[in-house]
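Subject: Structure for your study

Dear colleague,

Please find the structure below, followed by a short account of what was found in it.

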Amino acid sequence: MIIVFLGTAGCGKTSLTYTFGEWLKKELNVEVSYVNMDPGVYSTPYTPSYDVREIVTVEKLMEEGLGPNGGMIRAAEIIEENIHVVSRKINSLNSDFTLIDTPGQIELFLFRPMGPRLIEDVAGYSPTVSVYIIDPTLASSSSGLAISLTLPLITRLRLKVPTVSVINKSDIPETSKVEAFMENTSSLEDEITREEAGLITDLASRYIKLLSEFSKTMRIVKTSAKTGEGMNDLYTLIHEALCECGDLM
Ligand SMILES: Nc1nc2c(ncn2[C@@H]2O[C@H](COP(=O)(O)OP(=O)(O)OP(=O)(O)O)[C@@H](O)[C@H]2O)c(=O)[nH]1
Ligand SMILES: [Mg+2]
């Protein structure tokens, strides 16, 4: 099974990849391979079985004169040119679970061809699910949460694999505000209406309706890569998502 972790910069992709992988090894006694797809990372808490920095690093491109953003974009282009090499290497990993950690800037993986092409290649080979990580620090205002809930839908649309959502950093106080909104979407709608004014109110209200319609079956769990909370729930959620789409029976 392949599990891809993605989310906005600093939401805890690398930490959760590691904490979840170690939990799988300890609790389920299974073999786990880690894959690093972030050409910009300096170090990872796990030892990658495949590391895209074999192909390119942002650091090297910056030494050659590019700035940090130019470096990331060029790195993404180089990875895209080599994407079939990357997917072949990932497909040849022979573990029960392969966990893929993605670049800090979500747009590199999701909005450019890199992520969709890679996932198309690996999902043809193994059951694949993506885990969209919501950062509570970005989701503790009503419009911030609305945006955070849209990104898993966009992820599902772009990667075309089952996508589950988690609120990571459950150990920080912002999480309870996010939870309160999640429990009552009509309060979220009211809050957005209060936050915004005029024409935007209508947009906000329709937007929330759209989100609730598409999120009906979307159960969100809380995790903390720091304390280890919620790993069992995340595992169950991933399993449910794959069973529902028929990839696992
Ligand atoms: N309190 C708390 N902090 C966390 C948690 N998960 C990650 N962090 C912190 O959030 C910061 C970013 O964590 P990373 O795991 O590097 O996040 P990332 O999404 O991989 O970051 P980029 O790849 O740079 O976008 C670090 O300071 C982590 O220690 C968590 O569950 N709780
Ligand atoms: Mg990272």
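Seven strands form an open sheet with parallel pairing, in the order S3-S2-S4-S1-S5-S6-S7. Strands are DSSP runs of E with at least two residues, helices are runs of H or I with at least four, and both are numbered from the N terminus; two strands pair if DSSP finds at least two bridges between them. Strand S3 (50-51) and strand S7 (220-222) stand at the edges with a single partner strand each, so one side of each has no neighbour in the sheet.

This is a predicted model, in which local features need pLDDT of at least 70 and side-chain atom pairs count only at pLDDT 80 or more, while totals for chains, interfaces and linings use all residues. Residues are numbered from 1 along each chain as its sequence is written, and chains are lettered from A and ligands numbered from 1 in the order in which they are written.

Within the sheet, strand S1 (residues 2-7) pairs with strand S4 (residues 97-101) in the parallel sense over four bridges. Phe5 stands opposite Asp101 in S4.

Ligand 1 has 16 residues around it, of which Gly12, Lys13, Thr14, Ser15 and Gly104 come nearest (a residue is near if its C-beta atom, placed from the backbone, lies within 6 Å).

Among the helices, the axes of H4 (residues 83-91) and H6 (residues 114-123) come within 9 Å and cross at roughly 40° (axes are lines fitted to C-alpha atoms over the stretch in contact, and angles run from 0 to 180 degrees between N-to-C directions).

Yours sincerely
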